Amino acid sequence: MEYRKLPHGNESERFSTLGLGLGGIQISSEEEIEKIICEAIDNGINYFDLCAGAKKVYAPFGRAIAGKRERIFIQLHFGAVYNDKGEYAWSRDVDEIKEMFAWEMKTLGIDYVDFGFMHCVDEDADFDKLISSGVFDYIKQLKAQGVVRHIGFSSHTPSVANRILDTGLVDMMMFSINPAYDYEKGDEYGIGSVSERAQLFRRCEAEGVGISVMKPFHAGQLLDEKTSPFGCALSKAQCLKYALDRPGVLTVVPGVRSLEDLYALLASIDADAEEKDYSIIGTFTADKADGNCVYCNHCQPCPAEIDIGLVNKYYDLALSGDVLAVGHYDKLSVKADACLNCGHCTDRCPFHVDQQTRMGRIADYFEEKR
């Protein structure tokens, strides 16, 4: 299992790249829910999104993490509530949210939460309501008290996400990332153009805001050629690797319904490089992806040993205003100016990027920054 550090966190705040969402686990019995969480932790998963599909998930989750609290990280949503039948709902009422939070903490048997998320902020009106109702102030108060260690939010909308980032108060964003959404082949939750979404992810990395990824499989549609908007199925391993390669992403939190689902995810995250290669998307997103490096490294191996994907990423981040990108680039042992102009990378690129020309442009750019 790979772990990635929260930029605005301490050294111990390192998250497993495979996290776990609890949105579908409620179909299992409480006994199996507890087993799934225990098995996940035993296999190195330490990041959990606690926006559950039903109220029944909390008690077995609390039992599973008893004695393991310092080993895991929880993002809890302020606005996700449950009706009298224990079914998921949502609210912007601060009193209802306070009552829900108290119940969650007691049922889970914890005295702090790692991330207090503003839940499902998809429209400007959502954020306005969180401010006017006092929910945002309540989360800030809890952070000041140490009950919430970091503030975050979940959203599907780049423009709203940017507005929240403008506050400078958030350390984590939950966002929907998958090829269908990023290349405008998704549903109503795949909001924003290719460039808008890419700029948002680069901004998060530049400003040290981590991203936890929801909907990596496009609600499972990408895994079946009959439902995939591309008419071609991708594997879980490809989708997970795709999400983890986006700038700013620290962890992906797909849902599970059973132990079998969990084992399938663990196998996917441990798959070899060939199984994770998602460059096939270049064959069915030509209208959107053509000419843009997506850092897939399908161009490897480079005869000059340039990490072409990483060089491109640092260049894009620098252009988007990341003041640290130049330093990261300078630390590379092999830089863009080592390009041999052999054409190997350009010939192999599924997105038809002229990497030879781009390496020259990148080398000149960073030379000017010195």
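This is a predicted model: local features need pLDDT of at least 70, side-chain atom pairs count only at pLDDT 80 or more; totals for chains, interfaces and linings use all residues.
1. Start inside the protein. The largest nonpolar core has 87 residues, and the members that touch the most other members are Leu20, Ile37, Phe61, Phe78 and Met118. Helix α3, which covers residues 94–108, gives the most to this core, with 6 residues. A pattern to keep in mind: in soluble globular proteins, nonpolar side chains tend to be buried together.

2. Leaving aside neighbours within four places in sequence, methionine 118 is in contact with several phenylalanines, including Phe78, Phe127, Phe136 and Phe153. Its other contacts include Leu130, Ile139, Ile151, Ile164 and Val170, along with Gly152 and Ser154.

3. There is also a second, separate core, made of 21 residues. Among them are Leu317, Tyr329, Tyr365 and Phe366.

4. Next, look at the backbone. Most residues other than glycine have a negative phi. Cysteine 120 has a positive phi of about 50° although it is not a glycine. You will find cysteine 120 in the loop between β8 (113–118) and α4 (124–132), and it is partly exposed, with a relative accessible area of 27%.

5. Alanine 219 has a positive phi too, of about 55°, and is not a glycine either. Its place is in the loop between β11 (210–214) and α9 (236–244). Is alanine 219 buried or exposed? With a relative accessible area of 71%, alanine 219 is exposed.

6. Turning to charged side chains, the whole structure holds 15 salt bridges. One of them joins arginine 14 and glutamate 11, at 2.7 Å from N to O. Arginine 14 is partly exposed at 36% relative accessible area, while glutamate 11 counts as exposed at 54%.

7. Arginine 163 and aspartate 128 form another salt bridge, with their closest N and O atoms 2.6 Å apart. Arginine 163 sits in helix α6 (residues 158–165) and aspartate 128 in helix α4, so this pair ties together parts that are 35 residues apart in sequence.

8. Aspartate 166 pairs with arginine 203, the closest N and O atoms being 2.7 Å apart. Because aspartate 166 lies in the loop between α6 and β10 (172–176) and arginine 203 in helix α8 (residues 194–207), the pair ties together parts 37 residues apart in sequence. Aspartate 166 is exposed, at 56% relative accessible area, whereas arginine 203 counts as buried, at 19%.

9. Finally, trace Glu30, Glu34 and Arg63 in the structure: they are linked in a network of salt bridges.

Key
Residues are numbered from 1 along each chain as its sequence is written. Side-chain values use heavy atoms; hydrogens and water are left out. A nonpolar core is a set of buried Ala, Val, Leu, Ile, Met, Phe, Trp, Tyr and Cys residues joined through side-chain atoms within 4.5 Å. Buried means under 20% relative accessible area, exposed over 50%, partly exposed in between (1.4 Å probe, protein chains only). Helices (H or I, at least four residues) and strands (E, at least two) are DSSP runs, numbered from the N terminus. Contact means heavy atoms within 4.5 Å. A salt bridge is a side-chain nitrogen of Lys or Arg within 4 Å of a carboxyl oxygen of Asp or Glu.
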